[in-house]
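Welcome! Please take a look at the model below before you start on the exercises.

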Amino acid sequence: KQWYQRRVRGMAMSGAQSRAAQNYYILLILTDGQFTDIYDCIGAIVEASDYPMSIIIIGVGKADFTDMERLDADKKALQHNGRKASRDIVQFVPFEKYITHPSSLPGAVLAELPRQVEEYYRLRRITPFRISNPVAE
């Protein structure tokens, strides 16, 4: 029953242990329906919003994904027990929407990720390492 929220909390704990490092985690969830433990999931996501992670949820099939849209928090920040998420870390994409244009799916899946990563490092005042380009050198 609480599979999703345990995964989110577990991933957040990994992020907490390497908070000062240059690591950023992405949890990909493929689901064919709603989470049965949505309230606990919201709590786990609110907690995880402080850590170097993003969650990408892809809804497969024709189920009602209303709660998944809510987790995406594009319109309203998630709150749990009076605590507001420090940032939006969830991207929900209904696979069915891209069935006729599958080449658009990767862009939709990754659309919010650059902003989420940048926002985490900016809020924590962490300067990402520069990656040298061996081709240009």
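This is a predicted model: local features need pLDDT of at least 70, side-chain atom pairs count only at pLDDT 80 or more; totals for chains, interfaces and linings use all residues.

**Exercise 1. Describe the overall fold: how many helices and strands does the protein have, and in what pattern do they follow along the sequence?**

Step 1: Count the elements. The protein has 5 helices and 5 strands.

Step 2: Along the sequence they read α-β-α-β-α-β-β-β-α-α.

Step 3: Look at the contacts. Taking contacts between residues at least 6 apart in sequence, 80% join residues at least 24 apart.

Step 4: Turn to burial and surface. Of the 137 residues, 43% are buried. The accessible surface comes to about 8,300 Å², and carbon and sulfur atoms account for 55% of that surface.

**Exercise 2. Find the largest pocket and say which elements give two or more residues to its lining.**

Step 1: Start with the space inside. The largest pocket holds about 310 Å³.

Step 2: Go to its centre. The pocket is lined by 18 residues, and the closest to the centre are Glu-69, Arg-70, Asp-72, Ala-73 and Asp-74.

Step 3: Name the elements. H3 and strand E5 (90–94) each give two or more residues to the lining. The largest share, 4 residues, comes from E5.

**Exercise 3. Compare Ala-73 and Arg-125: is each one buried or exposed?**

Step 1: See what brings the two residues together here. Ala-73 has a positive phi of about 55° although it is not a glycine. Arg-125 also has a positive phi of about 55°, and it is not a glycine either.

Step 2: Ala-73 sits in the loop between H3 and strand E3 (79–80), while Arg-125 belongs to the segment after H5.

Step 3: Apply the cut-offs. Ala-73 has a relative accessible area of 14%; buried means under 20%, so Ala-73 is buried. Arg-125 reaches 76% relative accessibility; exposed means over 50%, so Arg-125 is exposed.

**Exercise 4. Work out which residues of helix H5 are buried and what they pack against.**

Step 1: Locate the helix. H5 spans residues 113–123.

Step 2: List its buried residues. They are Leu-113, Gln-116, Glu-119, Tyr-120 and Tyr-121.

Step 3: Find their partners. The buried residues of H5 pack against strand E1 (25–31), E2, E5 and helix H4 (105–110).

**Exercise 5. Describe the surroundings of Ser-49.**

Step 1: Ser-49 is in the loop between helix H2 (38–48) and E2.

Step 2: Judge its burial. The relative accessible area of Ser-49 is 0%, so this residue is buried.

Step 3: Name its neighbours. Leaving out residues up to four places away in sequence, Ser-49 touches Ala-85, Ser-86, Arg-87, Ile-89 and Arg-124.

**Exercise 6. Find the nonpolar surface patch that includes Val-60, and say whether Val-60 is buried, partly exposed or exposed.**

Step 1: Collect the members. The patch is formed by Leu-28, Leu-30, Val-60, Phe-95 and Ile-99.

Step 2: Give its area. Together these residues have about 440 Å² of accessible area.

Step 3: Zoom in on Val-60. Val-60 lies in the loop between strand E2 (53–59) and helix H3 (66–72).

How values were computed
Residues are numbered from 1 along each chain as its sequence is written. Side-chain values use heavy atoms; hydrogens and water are left out. Patches are made of residues with over 30% relative accessible area and no salt bridge: like charges are joined within 9 Å, nonpolar side chains (Val, Leu, Ile, Met, Phe, Trp, Tyr) within 5 Å. Accessible areas come from the Shrake-Rupley method with a 1.4 Å probe; for residues, only the protein chains shown count as cover. A salt bridge is a side-chain nitrogen of Lys or Arg within 4 Å of a carboxyl oxygen of Asp or Glu. Buried means under 20% relative accessible area, exposed over 50%, partly exposed in between (1.4 Å probe, protein chains only). Contact means heavy atoms within 4.5 Å. On a 1 Å grid over the protein atoms alone, a cavity is a set of points where a 1.4 Å probe fits but cannot get out, and a pocket is an open set with protein on both sides within 12 Å along at least five of seven lines; lining residues have an atom within 4 Å of a point. Grid points are joined across faces, edges and corners, and a volume is the space filled by probe spheres set on the points.
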